[in-house]
Amino acid sequence: MTATLERVDVARTAPAKGRSRARARHRLTVLAFLAPAILGFALFFAYPLVATIGFSFTEYDLINPPEWIGWENYAFMFSDKLFLTAVYNTLWFVVVLTVARVVFALGVASVIARLKSGVGLVRTLCYLPSLAPPVAATLVFFLVLRPNEGPLDALLGWFGVEGPLWFADPVWAKPGIAAVVLWVSGDLMIIILAAILDVPQEQYEAAELDGAGAVRRWWHVTLPTISPVLTFGVVNSIILALQLFTQAVVAGSAASGSADVTGSTKVLGFPENSTLTFPVWLYTQGFRYFDMGYAAAMATVLFVVSFAATALLVQRMRRASHQEAS
Amino acid sequence: MRKLHRAALLCVAAAVSLTACAAGSGEQAGRSGPAAAPGKDDKFSLTVWSNYSGREQDEVTKALESFKAKFPNAEIRHEGSQDDDKITAGIRGGNPPDVAMSFTTDNIGQFCSSGSFQELKPYVERDGVDLGQIPDAVRSYTEYKGNRCAMPLLSDVYGLYYNKDMLAEAGISAPPKTTAELLDFAKRTTKKAADGSIEVAGFLPTMLFYANRPPIWAPNFGAKWETPDGKSGLASPEWAGMLEFQKELVDFYGYDNLERFRAGLGQEYSTDHAFHQKKIAMMIDGEYRTAFLEDQAPDVRFGTAPFPTSKPELYGIGFTTGTIMGIPKGAKNPGAAWELIKHLSFDTDTIVDLANGIKNIPSTKAALADPRLEVDENFKTFVDLATSGKLQGNPVTPIGDAHIKAIGDFATSWQAGAVPDLMAGLREVDRQIDDRIAKSGK
Amino acid sequence: MTAVGAARPVGVTRPVRWRKGLDWVAVHSLGLALGLMFTLPIVFVFLTAVMSDSQAFTKDLWPREWHWGNFVEVFDKAPLVKYLGNSMLYSLSATAGMLVSSVPAAYALAKLRWRGRNVAFLLVVGAMMLPPQVVAVPLYDTWSGLGLTGTLWPLIAPYFLFDAFSIFLLRQFILTIPQSYVDAARVDGCGEFQALVRVVVPMARPGIAATALFCFLYTWNDYFGPLLYTSEKPDRWTLSLALSSFKGMHHVQWNLAMAVTLLIMVPAVVLFAFAQRSFVRGITFTGVKG
């Protein structure tokens, strides 16, 4: 490994003494550039991560000193019905959002990529909603999907269809939130669009000479070429789904008819805990019930899962860069 | 930048001395005995945190200022919009207020059992304060397992609201007194459109909507939270009776119909509220609604009455809750803080003025009987309820409102028809609550 | 709007041309439909925002009267200027802090060779992917121990040290700068610092702009952070947090809530309009493989 260091930045003919001094200076430079990042990583990631794991073995209410209770918090997860509900809800989002988001973004991007004119305009229009804060986007959908009187129900009414109750119905609340997330997934669309536009034209031409139609060209040329970006989309969507908090909290609060400021335990998860995601329950435990130990145990579980997802991304990225190098 | 690095350094220090920090300062009062009261002319300052804002905050500030009649040189800083998280954070950071006011009684068990709020018993005994002045229910929601760590500041009382015109239209002359009557009247005042959808609901039985919460309903059905041996006691005929009443009405409307109707209703504190919009004929709500209705919906002719009960002999019972205040652990001036709390809890003039100001129910017997209390016909119902001695407060546990959430969740799946066996379901809720209480270890 | 048939005239027989024309119409109407689908909710928000209070929560889609005053009225209803100030303070300080801390770190990850660089990069990716809720408990514990909850410090301070996403993105940009430029600067006797300032920063300007925009947008729209640290202190609320509480504070007035929604989006839209190219480039880069 030291060989790398020398090879790069030290003049090849330098005498040994100068070389080691240069190496030391180089190290200092690197350190100087990285100092804030190292400190920040240690303070805001490494320490809290270790502390989270530590707290997860304690009973801690923020007031009295933490008290060691071993695996009790983890054991309690199995008798906490809402923990299982929260796991189910979040898994639902992981599965549905990952598939829906990638397919949806891919579909939209594929259409835009085929446009001969107006690409910029359509792209801008599709991206515009992504600029809305999640809170605002959710409130917008709450109004748009309002049962009986909202514009979507009015539209469905023209076709003689009675729309669902969306955020007020435990079956439809999650799809409603998924719709919000899809509406603001303009960034993934643009990523995929760029990847599609980057596919070398020659590949299409070759396929066309082989007599492949548009659909087969898309299937056999476009998809394989942009697969690394799709992998990114999948992992990014998993992480996004694991973190889903804001939309769930705002949708539940708005639909419950309660005027309680968001975050109140009275409305979390409304209706029937169908929007109680893992992070929402974690937040409730830690910052509403002051059971920091249990919240930390849940955080540790979340960490393990998101770590697995990250490992998947890193592995794929490595493989991609290997392919590129070879 | 320099400031920032200091913050970062502090971070490290805090991380290292985490437990030391958590132990915190300010053991001076706590269990060792009451702190001395200040002299009459002493100069001192007190910080008060509350969750009030806007007009209500101004009224409370006025009430706090009346303290100066007793201690002319006191200085009181009142900070509004501070919820329970902030209070905990303040205690945790060793920088709490002298007096903390909490809007909910949900966390009282937590505050008392964790020592977040100092024990007030030594002060009560030293000063010979007569707690009998406070109605029983109010007294019960300001203490936990005999540990008095808070005092009340006004209270809310829940009763029946009914739309006089809508009842009259259905040929009903007096509000319902039993839940059987309520059921009957609700059906008679309900209006359905030709396609079967609801236009007006006589009484909305949907749990967790508006004030339809289990603790608010429970007293009128004689439902108790605990068994005599201190376990969660939801698997009882009374709770089952309450849920069956609810289910019968839900089935009358049809669950899907009802959900569709409810989803279109306005929010609890908006002018779109269903009662304001004459979309429901009867509801349960707190005394504060009288002020909202007079202000926002003057065309609604409404009356108030005690909420109907499952058994006639229970009539006149109701739910009560309120704002509580305590001296947080680590408060700088606990002796003076107690004087302020005593003043707000027991000084009749102050309580009456504040009750008139923010339209809440006074929390002492003397203030309830005070002629200066502004009481109109509708508000009187709630004052009478408060003096009846039959009110019941929130069940106090060390697990926040997790037990209330558990039964609320159960009631919503029950009304959706997702519970096959009611008693078995209730026993399961009991188990969850007992487990959580056991886990909290207090 | 050139016809597709004209694009490839050679050797195209009539029926094929006709089919291509149909294809053009199909794809473009689909594109138009997509554009509308994404935009219509915003149009609906706008129409609601200019309705009267009594009309806003009804079936009506079109305002009976245009209440432009709603956009002014919201400033009376809530201390929006204060929230705006807090949001600006949060977003601008965080962005500035991010630039100071992340540009050198990204440069070190992209253009300097040192032992453990790959591991460091993986740690950055890991931190980027970590849900904020995982570290919330101890961080909250620490900040409240310092008495800094209820201020914007817990939100801003981390950006002055470490922002994983920005470092990742900047690294991706800096990687695209040919090594020869950096080497040339070194040969000219520039230290690493000068190479960074004189060569890399000017060349990576679009990337830096895009990263700054992202940082601004993320903090501007952030909800979890302000909810955790400032919810108990309305003086420190940001716009995003205030919006969620808007209905709680003043009996829900949906027309005003929607007016605030539009106002919140203004800075982001303006930034986007001015820097659309950097923006799109930036978005693209996040997806590019390492």
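Colleague: Where in chain B is Ala331(B) found?
Modeller: Ala331(B) sits in the loop between β11 (318–326) and α14 (334–346) of chain B, where helices (H or I, at least four residues) and strands (E, at least two) are DSSP runs, numbered from the N terminus. This is a predicted model, in which local features need pLDDT of at least 70 and side-chain atom pairs count only at pLDDT 80 or more, while totals for chains, interfaces and linings use all residues. Residues are numbered from 1 along each chain as its sequence is written, and chains are lettered from A and ligands numbered from 1 in the order in which they are written.

Colleague: Is Ala331(B) buried or exposed?
Modeller: Ala331(B) is buried, because 27 other C-beta atoms lie within 10 Å. A residue counts as buried if 20 or more other C-beta atoms lie within 10 Å of its own, as exposed if 12 or fewer do, and as partly exposed in between, with C-beta atoms placed from the backbone.

Colleague: And what separates its C-alpha atom from that of Tyr253(B)?
Modeller: The two C-alpha atoms are separated by 54 Å, and the residues are 78 apart along the chain.

Colleague: What pLDDT does chain B average?
Modeller: Chain B averages a pLDDT of 86, with 92% of the residues scoring at least 70; pLDDT is the predictor's confidence in each residue, from 0 to 100. Over residues 1–31 of chain B, however, the pLDDT is below 50, and this stretch has 37 contacts in the model beyond near neighbours in sequence. Two residues are in contact if their C-beta atoms, placed from the backbone, lie within 7 Å.

Colleague: How many helices and strands does chain B have?
Modeller: Chain B has 19 helices and 12 strands, and 53% of its 442 residues count as buried. Its C-alpha trace spans about 70 × 50 × 50 Å along the principal axes.

Colleague: Now to helix α19(B): which of its residues are buried?
Modeller: The buried ones include Gly425(B), Leu426(B), Val429(B) and Ile433(B). What covers the buried residues of α19(B) includes α3 and α4 (81–114) of chain A, together with α11 (237–253) and α18 (402–415) of chain B. After α19(B) comes Gly441(B), whose phi is positive, near 70°.

Colleague: How many residues of chain A are in contact with chain B?
Modeller: In chain A, 30 residues are in contact with 39 residues of chain B. The side of chain A that touches chain B gets the most from α2(A), with three residues.

Colleague: And how many of chain A are in contact with chain C?
Modeller: There, 87 residues of chain A are in contact with 76 residues of chain C. Again α2(A) gives the most to the side of chain A concerned, with 17 residues.

Colleague: Which residues does Tyr107(C) touch?
Modeller: Not counting residues up to four places away in sequence, Tyr107(C) touches Phe33(A), Leu112(C), Ile174(C), Leu196(C) and Val200(C). Tyr107(C) is also among the residues with the most contacts inside the largest nonpolar core, which has 307 residues. A nonpolar core is a set of buried Ala, Val, Leu, Ile, Met, Phe, Trp, Tyr and Cys residues joined through C-beta atoms within 7 Å.
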